[in-house]
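Let's take a walk through this model together, going from ring pairs to charged pairs. Have the structure open beside you as you read.

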Amino acid sequence: MKEGYNLEQVARKALQDRGVTLDDIADLVYFLQVKYHPNLDIDECKLNVDRVLSKREVQNAILTGIQLDLLAEQGKMEEPLLSIIREDEGLYGVDEIIALSIVNVYGSIGFTNYGYIDKQKPGILERLNDKETKECHTFLDDIVGAIAAAASSRLAHRAANCE
């Protein structure tokens with residue numbers, strides 16, 4: 001990696017530049033886990049999101065996915081890939097594969113959480129999936145959902161170890 005870059009800071013800024021905050025992702029973690037942890041507070045959710053964001057695999061996925069979304073937004077891809085990504089075609093699964101690389105960091109519980117949140121699309125995911133905007137979030141919506149799923153898994157594993 002080129003000297004002078006802090007990968008974690010760059011990845012966090014990339015999320016922020018695309019309109020995704022730590023609070024947005026923490027809200028998703030809360031959505032996924034409050035039923036199982038009635039005393040859960042948003043600060044604990046943020047802590048787990050922070051820990052997930054500290055992982056290099058996660059940072060790499062964030063930067064790769066956002067870059068692909070930006071290239072599609074700018075029309076800097078060749079057809080038919082450009083249209084496939086811009087339209088977030090249902091049979092295009094590469095966006096989910098990148099997201100699953102994040103989920104995989106914290107074990108199999110994350111897969112269930114990811115599948116659920118990907119179907120429900122609560123909170124920030126609803127906005128990222130809005131096809132009426134000029135923005136392309138084909139990769140970002142799945143990445144954000146995967147970060148939340150991984151943070152939820154981390155929270156669940158830690159809670160199980162404390163019981």
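Rings of Phe, Tyr and Trp (its six-membered ring) form an aromatic pair if their centres lie within 6.5 Å; planes under 30 degrees apart count as stacked, over 60 as edge-to-face, and the rest as tilted. Before we use that, a word on the ground rules. The model is a predicted one, so local features need pLDDT of at least 70 and side-chain atom pairs count only at pLDDT 80 or more, while totals for chains, interfaces and linings use all residues. Residues are numbered from 1 along each chain as its sequence is written, and side-chain values use heavy atoms, with hydrogens and water left out.

How many aromatic pairs does the structure hold? There are two. In one of them, Phe31 and Tyr116 count as stacked because their ring centres are 6.0 Å apart and their planes meet at 15°. Phe31 belongs to helix H2 (residues 22–33) and Tyr116 to helix H7 (residues 109–120), so this contact ties together parts that are 85 residues apart in sequence. Helices here are DSSP runs of H or I with at least four residues, numbered from the N terminus. For accessibility, buried means under 20% relative accessible area, exposed means over 50%, and partly exposed is in between (1.4 Å probe, protein chains only). On that scale Phe31 is partly exposed at 34%, and Tyr116 is partly exposed at 40%.

Now turn to Tyr92 and Phe139, an edge-to-face pair with 6.2 Å from centre to centre and 85° between the planes. Tyr92 sits in the loop between H5 and helix H6 (94–103), and Phe139 in the loop between helix H8 (124–128) and helix H9 (140–162), so the pair ties together parts that are 47 residues apart in sequence. Tyr92 is buried, with a relative accessible area of 16%. Phe139 is buried too, with a value of 0%.

Next come the charged side chains. Side chains of opposite charge can pair when their charged atoms come close. The term salt bridge is used for a side-chain nitrogen of Lys or Arg within 4 Å of a carboxyl oxygen of Asp or Glu. A search of the whole structure turns up eight of these. One of them joins Asp50 to Arg12, with 2.7 Å between the closest N and O atoms. This pair links distant parts of the chain, 38 residues apart: Asp50 is in helix H3 (residues 42–53) and Arg12 in helix H1 (residues 7–17). Asp50 is partly exposed at 26%, and Arg12 is partly exposed at 27%.

Asp118 and Lys121 meet at 2.9 Å, N to O; Asp118 is buried at 18%, whereas Lys121 is partly exposed at 24%. Glu135 and Arg127 also form a salt bridge, with an N to O distance of 4.0 Å. Glu135 is partly exposed at 38%, and Arg127 is partly exposed at 36%.

Let's finish at Ser83, in helix H5 (residues 81–87). Is Ser83 buried or partly exposed? Its relative accessibility is 24%, so Ser83 counts as partly exposed. From the C-alpha atom of Ser83 to that of Ile42 the separation is 38 Å, and the two residues are 41 residues apart along the chain.

Methods. Helices (H or I, at least four residues) and strands (E, at least two) are DSSP runs, numbered from the N terminus.
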